[in-house]
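Hi,

Here is the structure I promised to pass on to you, with the sequence alongside. My notes on what turned up follow below.

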Amino acid sequence: MKNKVLFIVTAVVVFLLGLLASSIVNRKNEAKYKYVPQVEISENEPRNEEWGKNYPAEYQSFLQTAETDFASVQGGSAMRDVLHEDSRLVVLWAGYGFSKDYNQGRGHQYAVEDLRNSLRTGGPKGKGDGPMPATCWTCKSPDVPRLMNEKGIAEFYSGKWADKGAEVVNPIGCADCHDSKTMKLTISRPALVEAFEEMGKDINQATHQEMRSLVCAQCHVEYYFDKKIPGKEGVPYLKFPWKNGMSVEAMEKYYDDINFSDWTHKLSRAPMLKAQHPGYETYLTGVHADRGVSCADCHMPYKSEGGQKFTDHHIQSPLNNVSNACQVCHREDADKLKLNVYERQQKATENRLKLEDFIVKAHIEAKKAWDLGATEEQMKDILMDIRHAQWRWDYSAAAHGASFHSPVETARVMGGAFTIIQEGRLKLARLLSELGYNKPVEMPDISTKEKAQTYIGLDVEKMKEEKEAFKQNLVPKWLEEAKTREAGYDAKKVSMTK
């Protein structure tokens, strides 16, 4: 009887071991054959689907950046009208494109489409038309490094945004971050390389782990357009203001020293700075960066399918992928981890909104001083206080993840802004008194986006009409031209399977 039982147990064990061995062999075979190249990828190949033929797992995960069903307290992939949520922004950016239209960015799949649809890019009727320079395409597509290689960097930056509309059609993807021959992470945007050189650093010495953040830093940074570069005068050349360092004060000093401003505020006439999205700079001041955690570790964590481990190219908020992005290191419950993040973001938002109120009032009070006959000399220091306070506010707000990536630094920066704007408003109160105005300045009704846009003089309906005409008349021509051009790429393909 014992021998019979032992035989049965042995048979079951052997059977299970056989299943395990078969599974291991199958997984090894899957891993072995998963990346057999199907095509030779050319140096300037911008089409993500072509890369996907050789790297199907990564490409399939990348396609998920088209999902728009996740919204967190402060971000996510869902389309959100930020001006509708916070109408103060319209006044803060009066005279600048963001007062026209500002939507929460969706996934990388929508980079080109969302830029076309934005009211900020206007309704150009053809080449040489529209409000935006070609430089505004820089971070939106792998067609950009292709064009830079084919035409030259300064030549790409030259001209109007509409001039490159038929050339820039593929959304952010493979060629933005990878070398086509080796698949190693690479820097495809010259501004980052040039910024390192200006700081006396060699980006070629970066480790692989550092590169897992630096490929993101090509775009998720503060930048400006320099039109005064010798030999390139008038060309809006994209640069990072890192010469003095990456802190909010160091970049502010850089801008002040070169007397740069992004625009003149329509109400206060202050020479303003617009923080773009200094995510990399704020990330560097946080605990995750200090521990050596890269951007990709959280926003593109590793995953396994069919025995193959690879980087998940569904670039998204870690809050929508807590198990892979957070719980690899943190053992707390997923809901608790999310709550920790939301608490930090909500507390930062409370201070941010209070700060916005003060700066909005300063702009309107400054307008009143001008209306009463204030001189440029009387307004000079006040306008610099407004500039410096709003720069700090924008630095904290535009780096959407800053309140989580670096809550201490974010609080410090906003604290400095509170001090500066209150000092500026005290100066304004004294000046208004000197000008004979001794009562509070009446504030307009800016309780909605529409009311705020009307207050600053925007004709939104006209802009919408121009945008619709642009989308109906010009965009189809761009797409047809791009389709014809890309059809010629296939003739250059060399199949690896023949």
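Let me start with a cysteine: Cys216 is partly exposed, at 22% relative accessibility (buried is under 20% relative accessible area, exposed over 50%, partly exposed in between, with a 1.4 Å probe and protein chains only). Its sulfur lies 4.3 Å from the closest cysteine sulfur, that of Cys295, which is too far for a bond. Cys326 is buried, at 17%.

Before going on, please note that this is a predicted model, in which local features need pLDDT of at least 70 and side-chain atom pairs count only at pLDDT 80 or more, while totals for chains, interfaces and linings use all residues. Residues are numbered from 1 along each chain as its sequence is written, and side-chain values use heavy atoms, with hydrogens and water left out.

The mean pLDDT of the protein chain (the predictor's confidence in each residue, from 0 to 100) is 92, and 91% of the residues reach 70 or more. The pLDDT falls below 50 over residues 23-27, a stretch with two contacts beyond near neighbours in sequence (contact means heavy atoms within 4.5 Å). Residues 494-498 are also below 50, but there the model has nine such contacts.

Which cysteines does the disulfide join? The count is one disulfide (a pair of cysteine sulfur atoms within 2.5 Å), and it links Cys139 to Cys219, with S to S at 2.4 Å. The link is left-handed, with -100° about the S-S bond. Cys139 sits in the loop between helix H6 (111-117) and helix H7 (143-151), and Cys219 in the loop between helix H10 (208-217) and strand S1, so the bond ties together parts 80 residues apart in sequence. Helices (H or I, at least four residues) and strands (E, at least two) are DSSP runs, numbered from the N terminus. Both partners are buried, Cys139 at 19% and Cys219 at 17%.

Helix H11 (residues 248-257) has Val248, Ala250, Met251, Glu252, Tyr254 and Tyr255 as its buried residues. Their cover includes strands S1 (224-226) and S2 (237-239) and helices H12 (279-283), H17 (376-398) and H19 (407-434). Just after H11, Asn259 takes a positive phi of about 55°.

On a 1 Å grid over the protein atoms alone, a cavity is a set of points where a 1.4 Å probe fits but cannot get out, and a pocket is an open set with protein on both sides within 12 Å along at least five of seven lines; lining residues have an atom within 4 Å of a point.

Of its 29 lining residues, Gln74, Val82, Glu85, Arg352 and Ala397 lie nearest its centre. Helix H4 (82-85), helix H16 (334-371), H17, helix H18 (402-405) and H19 each give two or more residues to the lining, and H16 has the largest share, with seven.

Best wishes
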